[in-house]
2 protein chains.
Amino acid sequence: MTATGRAKARTTMVDIASVCGVSVATVSLALRGSPLVNEQTRERVERASERLGYVRNRSAANLRRRVSTSVALVINDLANPFFAEFAAGVDEALAAAGYITLLGGTGESPDRQDVVIRSLMEHSPAALILSPAEGSFGSNLHSLLGYLLPTLVSNREVAGGDWDFLVCDNRYGAHLATRHLLALGHERIAFVGGHRSSSSCRERHRGYMDALVSSCILPHDAWVMECAPVRDEAAALGRQLPGLLPDVTAAVCYNDIVALGLMQGLAASGVQAGRDFAVTGFDDIDEAALFSPPLTTVSAGPGALGRRAAELILEQIEGGHHREGERKIVAPVELVVRSSSCPPLHGASTSTDGARDTGKDMKAP
Amino acid sequence: MTATGRAKARTTMVDIASVCGVSVATVSLALRGSPLVNEQTRERVERASERLGYVRNRSAANLRRRVSTSVALVINDLANPFFAEFAAGVDEALAAAGYITLLGGTGESPDRQDVVIRSLMEHSPAALILSPAEGSFGSNLHSLLGYLLPTLVSNREVAGGDWDFLVCDNRYGAHLATRHLLALGHERIAFVGGHRSSSSCRERHRGYMDALVSSCILPHDAWVMECAPVRDEAAALGRQLPGLLPDVTAAVCYNDIVALGLMQGLAASGVQAGRDFAVTGFDDIDEAALFSPPLTTVSAGPGALGRRAAELILEQIEGGHHREGERKIVAPVELVVRSSSCPPLHGASTSTDGARDTGKDMKAP
DNA sequence: CTGAAAGCGCTTACAG
DNA sequence: CTGAAAGCGCTTACAG
């Protein structure tokens, strides 16, 4: 843990001032385009600045002005396409607003998250966007963050946290997916993957229940199969599923990773998703469209979600960060229909409540 | 383009000093654990610091010390899993060395890249790691960067650039992939995807040629099919390939994205990769293992490559950045054999020069 | 229109 | 062992 990046001697305003025979105050004013300074002086200064390859030192400027032009972005798992696209969206929107992104990856470790946040805080970000590591605790984070820093938690809830929280509409999304399967004639539908301890999983499970109940189907307890949202575990469930639940014909999965893993596992048991079995995902990661069969899924769009997160935090920064207590911002989701992963139940009607399958990907609200 | 993140009044050393009845100089010394300061004074200062929730202001400290503890990381496409994993690797290694990552995504646009680099430079990074947007020009970048900033270009060469350059061993990697197919009995092997304008593509193509020639196979010009390294275009080639090159039985692809797209396209033409046709990729993105069939590919490991990039740049920072002219650092690659995408040619021997297929993923040097 | 001075939060010789 | 002072590069009232 050393860090001694020695900065080279850069051109400063003093250099420009001495070259132009003016004061640094004038240089500063000229470079910001202040109307106070004489047109010709400004031009002289600008040319000298250009010629000397001057780069403004924002740290010094921000220190003096007592402002910050950076936002800390802490991401639990950058190798996961969902979070990577989310981060790209955040960065894009921040850059457009003139802010810079201070990145911190935590690799899903709450301990590393503490270290990373502590380190980022020392660089005086104007705000923090946190996609928390699994197992993060609010009390712990509070002691790091204090109440001064505008903070937005995204994607996952933090137990015991009271920060603004951005999530996509998990309940409604799962509802959409389940209704889609119901419309295809399926009635025995499993809910696969995720853990009860995860808030997003609970919400999605509720959406699934909502849809079944409103179709007068009594959900069977055994239809819910928990597992960590990683491929291998989902694949393991896929291998077991045909044996355990032979009459189930479809599955609403916690997310795309689980759905993809499940389909692999099913295949290993001789059940071909998209022909013998219907599967839906959640997130619409790039792999969802690419997989064979392409996966019908639910999404707010990770990139769009990231941009939204940045907008929310920018509002809070510009607005002076009045805490009015925790807010929950729900981003709308849509069903992304790729018929291949969801065959209709044999002999059933294929009407899918309005979502026609054009053979290409299509989105239904 | 506004950025006015107003910093809240944070605790400073002045606050601690006044609480403890000592000078700020003493507080500074105490907090850095200087042996000069009295044990009890140090403890008092530390307790006060803790109690007041003090967070060191690195910008101020770095300004005074004339050092930087950040590194700029400019990435052409964060939504692409390869670059996302690369970025995660960079961030991880930088964090371990006490540096922070200033992230800038360019979305593959040289114009945005200019803006992003300019913005990052103002935050005084100790160095720059650049995975350049396609179409970047050295001359252009030089005018932004000057010669002061330690810079490492990674993944793709910049035309007219003379910075240190990190790449995986493209030529040898393609050689490995091609030899693998040859060993499976294939002789008519296409090279699919990428553009001649890309240095990595040219290198991989050379490795492919090397292998063919050393097996005394005369490569046919028509076997080389160019396309942008995106799924759709590769899929389009896949649809055409069986018609255009009916006797070709295998393809070495520019990268995984191309390979996956190609396999989709082939499937649309009734050719099933892994049964009727053999395909190899390059990069080993996560999707490669997940795809059906799992893809045999070549990789230096995007995460490992990122960590290596960070190490190289850290050396340069700590070492005082003596430019000894451009260096090219070649990261070793290995063949990742997943038999499913590469069936042996009908009736051929299945010996794959030493790489046994255990049914699970395995790596051959 | 321009300059001298103070100050952002910190660190570092230099006295004591 | 501790403090007063100077200074990193910039901006901002305040005089002139």
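Me: Call a residue buried if 20 or more other C-beta atoms lie within 10 Å of its own, exposed if 12 or fewer do, and partly exposed in between, with the C-beta atoms placed from the backbone. What makes M13(B) buried?

Reply: M13(B) has 21 other C-beta atoms within 10 Å, and the cut-off is 20 or more, so M13(B) qualifies as buried. A word on the setting: this is a predicted model, where local features need pLDDT of at least 70, side-chain atom pairs count only at pLDDT 80 or more, and totals for chains, interfaces and linings use all residues. Residues are numbered from 1 along each chain as its sequence is written, while chains are lettered from A and ligands numbered from 1 in the order in which they are written.

Me: Why is chain A called more spread out than a compact globule?

Reply: Start with its make-up: chain A has 13 helices and 15 strands. Its radius of gyration is 26 Å, well over the 21 Å that the globule rule gives for 365 residues, so chain A counts as more spread out than a compact globule. The radius is taken over C-alpha atoms, and the rule is 2.2 Å times the number of residues to the power 0.38. Along the principal axes, the C-alpha trace of chain A spans about 90 × 45 × 40 Å. Still, buried residues make up 52% of the 365 in the chain.

Me: What makes a set of residues a nonpolar core, and which residues touch the most other members of the largest one?

Reply: A core has to be a set of buried Ala, Val, Leu, Ile, Met, Phe, Trp, Tyr and Cys residues joined through C-beta atoms within 7 Å. In the largest, with 199 residues, V192(A), L262(A), V279(A), V192(B) and L262(B) touch the most other members. Sequence neighbours within four places aside, V192(A) is in contact with residues including M225(A), A234(A), L237(A) and L262(A). There is a second, separate core of seven residues; M13(A), V27(A), V37(A) and A48(A) are among them.

Me: How do you know that β4(A) is mostly covered?

Reply: Six of the six residues of β4(A) are buried. In a regular strand, side chains alternate between the two faces of the sheet. In β4(A), I100(A), L102(A) and G104(A) are buried on one side, and T101(A), L103(A) and G105(A) on the other.

Me: What makes β4(A) and β4(B) paired strands?

Reply: Pairing needs DSSP to find at least two bridges between two strands. Three bridges join β4(A), residues 100-105, to β4(B), so the two qualify as an antiparallel pair. L102(A) sits opposite L102(B) there. β4(A) also pairs with β3 (residues 70-75) of chain A, in the parallel sense and over six bridges. In that pairing, S70(A) has I100(A) as its bridge partner.

Me: What makes β9 and β11 of chain B edge strands?

Reply: The open sheet runs β9-β8-β10-β11 in chain B, with parallel pairing. β9 (224-225) and β11 (278-280) each pair on one side only, and are the edge strands.

Me: Which residues come nearest DNA strand C?

Reply: Being near means having a C-beta atom, placed from the backbone, within 6 Å of the strand. Of the 24 residues around DNA strand C, A25(A), R64(A), T12(B), A60(B) and A61(B) come nearest. α4(B) gives the most to that surface, with five residues. By class there are twelve nonpolar, seven polar and five charged residues; nonpolar covers Ala, Val, Leu, Ile, Met, Phe, Trp, Tyr, Cys and Pro, charged covers Asp, Glu, Lys and Arg, and the others, Gly among them, are polar. Around DNA strand D there are 24 residues, with T12(A), S28(A), A61(A), A25(B) and R64(B) the closest. There, α4(A) gives the most, with five residues.

Me: How many residues does the contact take from chain B and from chain A?

Reply: 61 residues from chain B and 61 residues from chain A. On the chain B side, α5(B) has the largest share, eight residues. That side divides into 28 nonpolar, 20 polar and 13 charged residues.

Key
Helices (H or I, at least four residues) and strands (E, at least two) are DSSP runs, numbered from the N terminus. Two residues are in contact if their C-beta atoms, placed from the backbone, lie within 7 Å.
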